[in-house]
Amino acid sequence: MTRVVVAGVGRFGDLHVRVWSEAGAEVVGLADTDPARLAEVARIRGVADTGTELGPLLDRVRPDVVVIAADESAHVTLALTALSAGCHVFVEKPLALSAADAWRIAGTAAEAGRQVVAGHISRFTAPMARMRARVAAGAVGTLCALRLRRDFSRDWFLSFGDRVNPVWESCIHDIDLAVSFAAAPVRRVMAMRSEAAGDAAPSVVSALLEFTTGVIATVESAWLVPA
């Protein structure tokens, strides 16, 4: 049985505790900087070992996997802590808030011989997996272009737009889908943004991706749907 520690037990962290347990893993510990929230989730989910610092908790429970669902700014530190303890890592997107930190995590994982998986879960959903398999089998002919767009509530944008760029929060799912369907590296990107819904972060994003195979993908996200 896979032993799991969840770091960050807010709304998504609590969801991870439930889903990993339902999938057959053993959640052996929880970490969070908020002691009250930590105690609440531990009681509800029946997890005995908790800690406000991840390192000491990992030393005690020795899990196989650390799931990181904490604030975006903490992802890098928590991932490096987990890797140094010999754990595999599942980290909610974004993996990091800079390319340098993302490469730092990748390099540390390679040196440790451990896997790091970012939470780009859309490519694994059943409809997308079936569609991608049909494309790969040639059922729709030769893939030439992709168009991906999603629209979100302004309320949701306001809940995270001052913490992290919306491209990393939600648009990343469509970028990842484009990469998974094209099955090739991106060689050129052109993008524009608008701050129409507020000045905390771009609320409208439009990007054009060109892959090495010649496939072109348009990716659009907007956080303008009324409450």
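Predicted model: local features only at pLDDT ≥ 70, side-chain atom pairs only at ≥ 80, totals over all residues.
## A pair in the mixed sheet

Residues are numbered from 1 along each chain as its sequence is written, and side-chain values use heavy atoms, with hydrogens and water left out.

Strand β8 is joined to strand β9 (residues 204-211) by 8 bridges, and the two run antiparallel. Strands (E, at least two residues) and helices (H or I, at least four residues) are DSSP runs, numbered from the N terminus, and two strands pair if DSSP finds at least two bridges between them. In general, strands of a sheet pair through backbone hydrogen bonds, either parallel or antiparallel.

## The sheet and the helix across it

The open sheet that contains β8 and β9 has 4 strands in the order β7-β10-β9-β8, with mixed pairing. Because β7 (145-153) and β8 (186-194) stand at the edges with a single partner strand each, one side of each is left without a neighbour in the sheet. On average, neighbouring strands of this sheet are turned by 10° against each other, direction ignored.

Helix α8 (residues 166-182) lies across β7, β8, β9 and β10 (216-225), and runs at about 160° to β7. Such angles run from 0 to 180 degrees between N-to-C directions, and the axes are lines fitted to C-alpha atoms, for helices over the stretch in contact.

His 173 is found in helix α8, and with 10% relative accessibility this histidine counts as buried (buried means under 20% relative accessible area, exposed over 50%, and partly exposed in between, with a 1.4 Å probe and protein chains only). Leaving aside residues up to four places away in sequence, His 173 touches Lys 93, Gly 119, His 120, Ile 121, Ser 122 and Arg 150, where contact means heavy atoms within 4.5 Å.

## The parallel sheet

Another open sheet has 6 strands in the order β3-β2-β1-β4-β5-β6, and its pairing is parallel. Here β3 (50-51) and β6 (116-118) stand at the edges, each with a single partner strand, so one side of each is left without a neighbour in the sheet.

Within this sheet, strand β1 (residues 3-7) and strand β2 (residues 26-31) pair in the parallel sense over 5 bridges, and Val 4 stands opposite Val 27 in β2.

## Two packed helices

Helix α4 (residues 75-84) packs with helix α5 (residues 99-112) at an angle of about 5°, and their axes are 10 Å apart. This makes α4 roughly parallel to α5, since angles under 35 degrees count as roughly parallel, over 145 as roughly antiparallel, 65 to 115 as roughly perpendicular and the rest as oblique.

From α4, the residues Val 76, Ala 79, Leu 80 and Leu 83 meet Asp 101, Arg 104, Ile 105, Thr 108, Ala 109 and Ala 112 in α5.

## Backbone details in the loops

The peptide bond from Lys 93 to Pro 94 is cis, with omega near 0°, and Pro 94 is found in the loop between β5 (88-91) and α5.

Arg 62, in the loop between α3 (54-61) and β4 (65-68), has a positive phi of about 50° although it is not a glycine, and at 53% relative accessibility Arg 62 counts as exposed. Ala 183, in the loop between α8 and β8, has a positive phi of about 50° and is not a glycine either; at 67% relative accessibility, Ala 183 counts as exposed.
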